[in-house]
Every structure is written in structure tokens, then in C-alpha cells.
Amino acid sequence: MRTTTTRHPRRIRLLGAAAAAAIATAGVAAGAAAVETPTEPQPYAVSYSNFESSQPDMPWAPRGEGVTTTTTNEVRRSPWNSLYVTGRTQAWHGVEISIGDFMEAGQSYDVTAWVRLPDGAASTRAKLTAAQSDGQYIEITPLTAVNSDEWVELTGSYSPPEGVDGTIYIELEDPTASFYVDDAAITAFACGRGPVDDSTSLLDALPYPVGVAVTANTVQGDSLELLNQHFNQVTPENFMKPEAWYNDDHSFVDENAEADAVMDWAQANGGRVYGHVLVWHSQTPDWLFQHEDGTFLSGDSEADRQELRERMRTHINNVAKYLSDKYGLFGSDTNPLVAFDVVNEVITDGPSPETDGLRNSYWYQILGEEFIDDAFIYANEAFNSTYAAPGAEHPVTLFINEYNTQYGTDASSKTGRYHALIERLVDRGVPIDGVGHQFHAWLDDDVEGFGAAMSAFDDLPLVQAVTELDVPTRTGTPVDTQTLLDQGRFYQRLFEMFAEQDAKRDLFSVTLWGLVDSGSWRFYEGDPLLFDPYYHGKWGYAAAVGQEIPATPQECSVPEPTQEPTPTAGPSATAAEPAASAAPSTSGLPAPSGAASGTPVVGAAPSPGGGGSPLARTGAEMLVLPVAALLLGAGTLLLRARRRIG
């Protein structure tokens with residue numbers, strides 16, 4: 001099972017490499033190609049803040065008496081939150097980050113932050129400054145115009161002197177102006193954090209459709225280039241979930257711009273859309289289960305049960321109608337939707353005899369197991385009959401989807417309960433087509449459990465799919481190079497097992513849950529994906545395309561800083577001419593992914609070896625990556641609590 005998509009030439013990379021040795025393009029089964037020796041260092045983030053709830057700590061702190069900071073989703077550049085800074089009474093008031101906590105003396109770093117003013121605020125100017133413990137104030141970026149209409153990037157280079165601590169801070173020329181900051185990062189450079197050559201497309205290396213979870217930001221800018229090269233299927237990460245389809249007054253939306261952006265990309269590029277999700281216990285508005293007075297429907301009332309069935313059927317029908325009205329009937333040449341997760345995460349994590357292994361959700365409490373049958377019946381009716389193109393034979397494949405299927409397959413396991421449910425559905429003639437495995441993994445998982453999970457369903461007449469793949473290292477960020485190599489070997493075995501499963505019976509697809517690390521909901525648990533925030537393939541990518549993974553980190557020369565910083569007169573913002581070390585970049589940086597081409601990209605020339613790489617923004621966009629040493633011991637953060645957004 002393979003689809004094709006338009007391929008576009010890859011843009012010039014940040015790190016130019018000597019002519020690459022030929023690499024295998026037929027996947028892991030064809031054997032690995034030799035490892036090239038890196039000649040230039042690669043960027044990575046020693047600190048990155050998008051101010052999302054998953055970030056374990058917030059290194060940016062208020063600077064100045066009376067200054068307060070609050071995370072907010074009212075104005076944001078990353079998918080969910082930004083940091084709002086208010087209470088300033090001096091130009092040097094703002095937010096700051098420690099030099100000593102994230103930087104080493106003599107190493108060169110790039111510092112980046114995006115700034116925007118509140119709606120209606122008068123324009124002013126902002127800059128990044130290093131307040132050193134030796135009393136000097138080093139201008140990292142020149143004063144740059146900021147306003148309330150768009151996000152403006154401040155970016156420049158800095159190398160802390162020996163024996164110096166202090167902070168890097170954002171200051172504004174207007175001493176009382178409040179502002180927002182987002183996607184703030186410190187980037188360093190090291191060798192061997194990924195393969196030298198990442199030009200081989202995943203589509204050329206893997207025998208099944210390759211998908212990725214995306215947002216509207218992913219399908220434009222530099223993210224779009226990476227997407228077009230490596231993927232022929234997309235899943236909207238959040239904006240086909242139930243709550244995304246409703247206005248505050250509970251009415252169905254007239255426009256779902258995020259869902260449209262995903263469908264538009266697939267339609268324009270010959271790709272496929274895998275929808276996610278129709279019926280779920282999470283990200284579903286409570287009112288769906290309530291009477292008008294706010295009391296909950298009752299499973300003891302047949303009238304209430306019928307009311308919920310009709311609401312489910314209406315929701316599913318409205319989603320199908322919206323997508324067919326805009327993109328044509330399903331199965332037609334103009335509608336790229338090929339699959340949908342009908343129900344998601346309905347199995348309990350532990351044994352639950354009283355619910356026959358099912359999650360005790362509102363759906364279950366009111367309708368019992370029957371709600372799963374109903375969901376598939378209504379989805380099949382809408383997508384494969386009412387809104388299907390004439391002559392199209394079952395154009396939309398209908399999946400059930402579940403996480404943690406990799407932890408055992410016996411009858412007492414979650415996978416055992418999952419299999420038992422699906423077997424009951426098949427026996428009842430429910431129109432289910434496929435079994436989805438999310439495979440949100442950890443690097444310390446038993447990798448063989450993933451193959452066993454897929455094999456456990458070989459006895460059923462259904463297609464299987466890997467729906468939400470990621471493998472965080474469980475170390476927090478930044479991740480050291482040796483751990484990235486270990487992650488690559490883990491992915492190598494995963495892709496071997498996917499090939500083995502596909503050889504037994506075609507996999508519908510394998511989907512990565514995010515394009516680049518910084519866009520992942522598990523980023524702060526340890527760089528979970530195949531591509532870093534600079535759109536550079538990691539060792540996990542190398543595994544997917546059949547490249548050899550070295551046993552230990554490779555070495556190359558990281559250039560010493562060559563630019564002498566120029567101290568400024570003092571801590572307050574001034575209109576002085578930019579220092580030589582902060583001259584505007586002439587490298588012709590493209591606008592960051594998701595930003596309009598007119599968005600100002602201003603700041604200092606990048607660090608030696610840094611080139612002019614665009615930074616991937618969270619949720620599909622920005623980041624900057626650092627560390628001073630080649631082997632950086634990342635502090636272990638046992639982030640076992642799962643923030644479920646699957």
C-alpha cells in the first residue's frame with residue numbers, strides 16, 4: 001500500500017557537508033550505509049521555552065521590582081501559551097535567564113526570543129542584553145522595533161567570558177510597556193548529533209505510507225519543505241478532535257481553519273489525511289453529555305440514552321458533511337481523507353471487570369459498550385455511504401486507536417483487553433476496519449514489545465496502523481549525543497519490526513506524532529522525534545532510511561568565538577548604534593515556519609558554524625538548540641506523568 005506525493009527540492013541546509021557517500025534507500029532490510037565523518041558542528045538548544053504546561057520549569061524570571069510574569073493563551077506564537085510580562089517601571093525591567101545555568105565560558109551561543117506588544121500598544125524598541133557579573137552590559141542584539149501587530153524575532157550571538165556569571169534579559173525602550181515573549185532559546189553547537197547526509201526521503205526508504213501529526217503551522221514555511229520531502233500522509237494533531245468543531249454557544253462551526261489547512265495541504269500535494277478523532281472521552285465538551293440545565297444524562301433513562309446516541313450521530317454526520325462540502329465526496333479525486341480514528345482510548349490501563357476492561361467515561365456510563373458499536377455504525381454511514389462518491393468502495397478506513405499496547409499481550413494486559421474488545425466488535429458485525437497502536441514509547445521500554453503488540457492482532461481480519469509514534473529519552477532536555485545514538489538504535493529496531501509486520505500484511509501507515517522535536521507534546525521529556533528543531537535528521541531518521549549508526553559520538557572541531565562583544569553604557573535601553581557583534585544578519589534567513597514573509601527577522605550574525613538556519617517553531621515551528629560540551633550530561637527528569645493529548 002503506497003501513495004505518492006509531489007516532491008520538492010530540499011532547501012540549502014544550515015550545515016553544508018562534503019559530498020556524501022551513497023546511502024541505502026530501500027530501508028533497513030537493504031543494509032546500512034557507512035557513517036560519514038562530520039566536518040562541521042550542528043546546532044542544538046541548551047534552553048528552550050515555549051511556556052507550555054508540559055515545560056517542567058520556566059528559566060525566564062521577572063527582572064526588576066514589581067515586574068510580574070504570567071503564562072497566557074490569549075496572544076501566543078507557539079501552539080498554546082506565551083509569557084506576558086507586565087509591571088515594568090524602568091527600561092531595563094523585563095525577563096531574564098541565567099548565564100551560568102546554561103552557558104560555559106568561551107563557548108559561542110545564539111540567543112533568540114520572539115516579542116510582541118499587547119493589542120493597541122504604541123510601538124517601541126526591544127533588545128537582548130547580557131548583564132555580566134563583572135559589571136559590564138553586553139549588547140546581544142541592537143534595539144529593534146516591536147509592535148502589537150506581529151511577533152518580532154530578537155536573535156544574536158554571545159560568548160560568556162571566563163569567570164563571569166549574570167543574566168541575559170529582554171528590555172524595552174518604553175519603561176512601562178508590557179509585552180509578550182515566546183519561543184525563547186539558547187543555541188549551542190556540537191558534532192555528531194545526527195547524520196551528515198539527511199537528504200534521503202523517508203518515502204523512498206520505507207515500504208508503507210509515512211504520516212505525521214501536524215498543525216496549520218506545519219504546512220507552511222520551512223516546515224512545509226520538510227513535510228513535502230518525507231511524508232505523504234498527515235493527521236491533524238488537535239483540530240479534528242470533538243471540541244474543535246464547536247463554538248462557545250455549542251453550535252457546529254462554519255469554519256475550522258486548522259482542519260482546512262491540513263486538508264488543503266493533502267489536496268494540493270497528492271497526500272492523504274488520517275482524521276483524528278470522532279468519539280473520545282477527552283477534549284469533548286461536557287455539555288454533550290448534559291441536559292440544558294447542566295445535569296448529566298442518565299444511563300438509567302432510555303430517553304437520555306437515545307438523546308446521546310442522536311448527539312453522537314449528529315456530530316459524526318456534521319464532521320463528514322463539513323469535509324465533503326468543502327473537499328468533495330469521500331473517494332473522489334478532490335477529497336484526500338482516507339481514514340479516521342472513530343473511537344480513541346476506550347481501554348482501561350488496569351483490570352476493570354466491572355466495565356469489562358473499558359474506560360469508565362461519560363460515553364460508557366450512559367450507553368455502555370454499545371457506544372463503540374454506535375460510533376462505528378454512524379461513521380460508516382456518514383463517510384462510506386451518505387457522503388461517499390458514487391462508485392467509491394468504502395473510501396474511508398475506520399480505526400479504533402489505543403495507547404500502551406506494547407506492554408504485554410496476555411489476557412490480563414491492556415493489549416489483551418484491547419484484543420478482546422475488538423474481537424467482540426468483529427463478532428457482532430460492527431463495521432470496524434483497522435487497529436491503531438499509538439506507540440507513545442520511552443527509550444527504556446523493551447523494544448520487542450512493539451512487534452509483539454502488532455503480532456497479537458494478526459488473527460483478526462483487520463488492517464493495522466502505527467498512529468502516534470514518538471520515543472522520548474526520559475532524560476529531559478537537552479539530550480546528550482550518546483543518548484541520541486541510543487535512541488537511533490531503538491528506532492532502528494522499531495522500523496525493522498514495522499517492515500516485518502508490513503511483509504506479513506500491509507500496514508495502513510506509520511505516523512510520527514510531530515514533525516520536529518520542538519513541536520512535540522513530549523519535547524521536554526527528551527527529543528522524541530526523527531528531526532531536530534532545525535529540520536535536521538537525527539539518528540532516528542538515519543535508522544529509518546537504513547544508515548549505519550555509530551557506537552559512540554563523532555568528533556569534529558567546534559570553532560572558537562571570533563567576535564569581540566562591545567559593552568554598552570549601562571543597563572537601560574539606548575538608541576546607540578548596534579555593536580559590531582550585533583550587526584544585522586546578511587544570511588538571508590527565510591521567515592520561520594508559519595510566519596508571514598513580511599515578519600521581521602532581525603538580530604546578530606549567527607555564531608561560527610551556525611550559518612543561517614531557520615529555527616523550527618513549537619507545534620511545528622520554532623526552536624534553537626544548544627550545549628557547550630559534546631557529551632552533555634542531561635539531568636534526569638523522571639517525567640512519568642503522561643499529559644494525554646493523543
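1. The chain's secondary structure comes to 10 helices and 22 strands. Please keep in mind that this is a predicted model.

2. On burial, 61% of the 646 residues count as buried. The chain exposes about 22,900 Å², and carbon and sulfur atoms supply 49% of that area.

3. If you are curious about sequence range, look at the contacts with a separation of 6 or more: residues 24 or more positions apart account for 78% of them.

4. Helix H2 (residues 221-230) deserves a look, as it is mostly covered, with 8 of its 10 residues buried. The buried set holds Asp-222, Ser-223, Glu-225, Leu-226, Leu-227, Asn-228, Gln-229 and His-230.

5. What covers those buried residues of H2? The cover includes helices H1 (202-205), H3 (257-269) and H10 (539-544), along with strands E13 (210-214) and E14 (233-236).

6. Next, the pair H8 (residues 448-455) and H9 (residues 481-504): their axes come within 9 Å and cross at roughly 20°. Angles under 35 degrees count as roughly parallel, so H8 is roughly parallel to H9. The crossing of the two helices is right-handed.

7. The H8 side of this contact is formed by Glu-448, Phe-450, Gly-451, Met-454 and Ser-455, which meet Phe-490, Arg-493, Leu-494, Met-497, Phe-498, Gln-501 and Lys-504 in H9. By type, the residues of the H8 contact with H9 divide into 6 nonpolar, 3 polar and 3 charged.

Note on methods. Residues are numbered from 1 along each chain as its sequence is written. This is a predicted model: local features need pLDDT of at least 70, side-chain atom pairs count only at pLDDT 80 or more; totals for chains, interfaces and linings use all residues. Side-chain values use heavy atoms; hydrogens and water are left out. Axes are lines fitted to C-alpha atoms, for helices over the stretch in contact, and angles run from 0 to 180 degrees between N-to-C directions. Helices (H or I, at least four residues) and strands (E, at least two) are DSSP runs, numbered from the N terminus. Angles under 35 degrees count as roughly parallel, over 145 as roughly antiparallel, 65 to 115 as roughly perpendicular and the rest as oblique. A crossing is left-handed if the near helix is turned anticlockwise from the far one by less than a right angle, and right-handed if clockwise. Contact means heavy atoms within 4.5 Å. Ala, Val, Leu, Ile, Met, Phe, Trp, Tyr, Cys and Pro count as nonpolar, Asp, Glu, Lys and Arg as charged, and the others, Gly among them, as polar. Buried means under 20% relative accessible area, exposed over 50%, partly exposed in between (1.4 Å probe, protein chains only). Accessible areas come from the Shrake-Rupley method with a 1.4 Å probe; for residues, only the protein chains shown count as cover.
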